Amino acid sequence: MNKALDLAEKGRGYVSPNPLVGAVILKDGSIVGEGYHQKYGQAHAEINAINQAGENCRGATLYVTLEPCAHQGQTPPCVDAVIKAGFKRVVIATTDPNPITDGRGISKMMDAGIEVDVGLLEEKARKQNEVFFKYITSGMPFVILKVAQTIDSRIADERGHSHWITGEQSRAFVHKLRSDVDAIMLGGRTAAVDNPLLTVRHIEGENPYRIILHGRDVLGESLNLLAGNNDEKTIIAMPRGIAQKHPLYKKVKTWDIDTYEDGHLNIASLLIRAGKEKISSILVEGGGHIFSSFLKRKFVDKIYVAIAPSIMGAGVKAFADLGIDTLEHSIELNDLNVKRFGRDIWICGYPVWR
């Protein structure tokens with residue numbers, strides 16, 4: 001099963017909004033087939049493993065990281081192919097939370113006389129597919145905050161410039177994070193000041209969508225996110241009715257989003273719209289107001305904080321007032337993972353809401 005999980009990881013960045021899935025076929029103590037879901041719309045892990053094993057599937061054991069699908073999607077239901085292949089036993093790490101599967105694949109295999117075991121390395125499998133589990137059960141994307149700051153929590157100088165707080169190795173890791181998600185999100189002011197590309201460059205991977213959040217100010221036509229929109233992946237999310245007033249926005253995709261009473265974009269409406277567009281994961285890269293808005297309304301699933309070994313004493317803070325007045329009510333991170341890239345320290349964790 002560990003091998004199947006390793007195989008599944010190879011599909012990260014290519015199969016969304018489908019889950020990561022790996023499969024290994026064991027017969028007489030030897031691996032006779034293996035496979036993983038390689039790209040959205042293409043064959044699933046079980047099919048790739050079955051095709052490799054051929055007739056060796058009969059009487060063999062299939063190890064798969066997620067319950068075989070039992071519905072017709074971009075491809076036929078995998079459970080039918082598993083039954084037809086003649087497996088004696090199927091070992092599954094975790095059930096599929098998708099309401100149109102969720103146990104149906106297991107029941108169908110058991111009805112066909114296949115011995116089915118569920119729960120081997122379940123926690124590891126669920127963590128691997130944390131994005132899929134959130135998206136398929138809520139309809140909203142898995143939200144990751146990525147904060148690059150100094151020791152004193154500054155994400156930019158007093159002019160708003162942030163190039164470069166962290167080092168080269170950290171930037172390469174950020175590009176890996178970008179290649180893993182469906183979309184990057186950035187505030188309009190940060191986009192105007194930093195003028196980023198928000199593409200994947202330091203590693204091999206596909207460019208995600210680029211979502212700019214801004215209010216009623218018009219973005220400059222020369223911005224890289226607008227002028228360099230050759231892949232047509234730039235999206236501007238704005239209050240309803242604004243796009244029609246500015247011809248510039250006809251060149252990019254726009255989303256009309258509801259607003260709060262203060263005029264800022266309604267985050268729930270924004271995430272629901274993203275989910276409807278099959279965006280299952282979003283990496284929020286700035287700025288401080290956007291970070292704080294997502295945290296204040298508890299729309300964050302995971303946080304990465306990169307701490308550079310420098311102190312500015314002034315500049316743009318990473319977070320604004322979150323309405324927290326006591327230490328007991330602070331947002332803590334659980335399931336921590338700490339890494340070092342060059343001179344920078346990275347902390348990753350999951351927020352615990354009180």
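**Entry 1: His175**

Which residues does His175 touch, not counting residues up to four places away in sequence? I looked this up first, keeping in mind that the model is predicted. I found that His175 touches Thr199, Val200, Arg201, His202 and Ile203. I then checked where His175 sits, and its place is in helix H7, which covers residues 168–180. Is His175 buried or exposed? I read a relative accessibility of 4%, so His175 counts as buried. The cut-off I needed for that step is under 20%.

**Entry 2**

Next I turned to helix packing. Two packed helices are described by the angle between their axes and the distance between the axes, so I noted both values for each pair.

I started with helix H2 (residues 45–53) and H3, which pack at an angle of about 25°. Their axes are 9 Å apart. Angles under 35 degrees count as roughly parallel, and H2 and H3 are therefore roughly parallel to each other. I also wrote down that the crossing of H2 and H3 is left-handed.

Who meets whom here? From H2 I listed Glu46, Ile47 and Ile50, and they meet Cys78, Ala81, Val82 and Ala85 in H3. Sorting the residues of this contact by class, I got 6 nonpolar, no polar and 1 charged.

**Entry 3: H3 against H4**

Then I followed H3 to its contact with H4. Helix H3 spans residues 78–85 and helix H4 spans residues 104–111. I found an angle of about 20° for this pair, with the axes 10 Å apart. H3 and H4 are therefore roughly parallel to each other. The crossing of H3 and H4 is right-handed.

On the H3 side, I noted Val79, Asp80, Val82 and Ile83 in the contact, and on the H4 side Gly105, Lys108 and Met109. The classes for the contact of H3 with H4 are 4 nonpolar, 1 polar and 2 charged. I was pleased to spot Val82 on both of my lists for H3: it is in the contact with H2 and in the contact with H4.

**Entry 4: the sheet**

Last, I traced the strands. How many strands form the open sheet? I counted 9, in the order E11-E10-E9-E8-E12-E6-E13-E16-E15, with mixed pairing. Strands E11 (253–257) and E15 (332–341) are the edge strands, and each pairs on one side only.

E15 pairs with strand E16 (residues 344–352) in the antiparallel sense, over 8 bridges. There I looked up Arg340, which stands opposite Ile345 in E16.

Notes: Residues are numbered from 1 along each chain as its sequence is written. This is a predicted model: local features need pLDDT of at least 70, side-chain atom pairs count only at pLDDT 80 or more; totals for chains, interfaces and linings use all residues. Side-chain values use heavy atoms; hydrogens and water are left out. Axes are lines fitted to C-alpha atoms, for helices over the stretch in contact, and angles run from 0 to 180 degrees between N-to-C directions. Helices (H or I, at least four residues) and strands (E, at least two) are DSSP runs, numbered from the N terminus. Angles under 35 degrees count as roughly parallel, over 145 as roughly antiparallel, 65 to 115 as roughly perpendicular and the rest as oblique. A crossing is left-handed if the near helix is turned anticlockwise from the far one by less than a right angle, and right-handed if clockwise. Contact means heavy atoms within 4.5 Å. Ala, Val, Leu, Ile, Met, Phe, Trp, Tyr, Cys and Pro count as nonpolar, Asp, Glu, Lys and Arg as charged, and the others, Gly among them, as polar. Two strands pair if DSSP finds at least two bridges between them. Buried means under 20% relative accessible area, exposed over 50%, partly exposed in between (1.4 Å probe, protein chains only).
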